[in-house]
Amino acid sequence: KGLGSGATYFYHHYGPYSEDISGAIMDAQFYGLLSEKTGFRKTDGVAYSYFCSSEAVDLSALGGDEFVELTNSLNQKNPIDLEIAATIHWLKTVEKHRNWREELKVRKKSKASDERITSALNILDEIGL
């Protein structure tokens, strides 16, 4: 969505990835600002991790009210739908694939069902992308 972080991204397993953001997360963990938690997907038991802050974080300091609204909205979405949405956006805008749907199904064959693609496109529409 472009929050002015200056972070650079490249395509990785789950979509756009930033070493800059990853490094910032590791720094925050080191200084005790974030802790990593793990969970398991209900659908197939695959492990995933997420990060939590033990203190309240003023999200508006990161990008104003728009950022808070965006974060709250995306937090309610299915993570796989978000992954598909990020990949669609990447394929269309960065790699400029003419047939992004076909490329998406190659990269995400087990996840890119028509239903998930529709949900992902709805997410992109909701957030103005």
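The exercises below work through a predicted model of one protein, each with a solution given in steps.

**Exercise 1. Determine how many helices and strands the protein has, and in what order they follow one another.**

Solution. Begin with the count, which gives five helices and four strands in the protein. Then read along the sequence, where these elements follow the pattern β-β-α-β-β-α-α-α-α. As for overall extent, the C-alpha atoms fill a box of roughly 45 × 35 × 25 Å, taken along the principal axes.

**Exercise 2. Find where the confidence of the prediction is lowest and where it is highest.**

Solution. Start from the protein as a whole, for which the mean pLDDT is 89, while 97% of the residues reach 70 or more. Next, turn to the separate elements: helix 2 (residues 60–75) has the lowest confidence, at a mean of 81, whereas helix 5 has the highest, at 96. Keep in mind that where pLDDT is low, predicted coordinates should not be read in detail.

**Exercise 3. Describe how strand 3 and strand 4 pair, and what is found in the hairpin that they form.**

Solution. First, locate strand 3 at residues 35–40 and strand 4 at residues 47–52, and note that they pair in the antiparallel sense over six bridges.

**Exercise 4. Decide whether helix 3 is roughly perpendicular or oblique to helix 5, and describe their contact.**

Solution. Helix 3 (residues 79–93) and helix 5 pack at an angle of about 70°, with their axes 8 Å apart. Because angles from 65 to 115 degrees count as roughly perpendicular, helix 3 is roughly perpendicular to helix 5. The residues that make the contact include Ile84, Ile88 and His89 of helix 3 and Ile117, Ala120 and Leu124 of helix 5. Sorted by class, the residues of this contact divide into 10 nonpolar, two polar and two charged.

How values were computed: Residues are numbered from 1 along each chain as its sequence is written. This is a predicted model: local features need pLDDT of at least 70, side-chain atom pairs count only at pLDDT 80 or more; totals for chains, interfaces and linings use all residues. Side-chain values use heavy atoms; hydrogens and water are left out. Two strands pair if DSSP finds at least two bridges between them. Helices (H or I, at least four residues) and strands (E, at least two) are DSSP runs, numbered from the N terminus. pLDDT is the predictor's confidence in each residue, from 0 to 100. Axes are lines fitted to C-alpha atoms, for helices over the stretch in contact, and angles run from 0 to 180 degrees between N-to-C directions. Angles under 35 degrees count as roughly parallel, over 145 as roughly antiparallel, 65 to 115 as roughly perpendicular and the rest as oblique. Contact means heavy atoms within 4.5 Å. Ala, Val, Leu, Ile, Met, Phe, Trp, Tyr, Cys and Pro count as nonpolar, Asp, Glu, Lys and Arg as charged, and the others, Gly among them, as polar.
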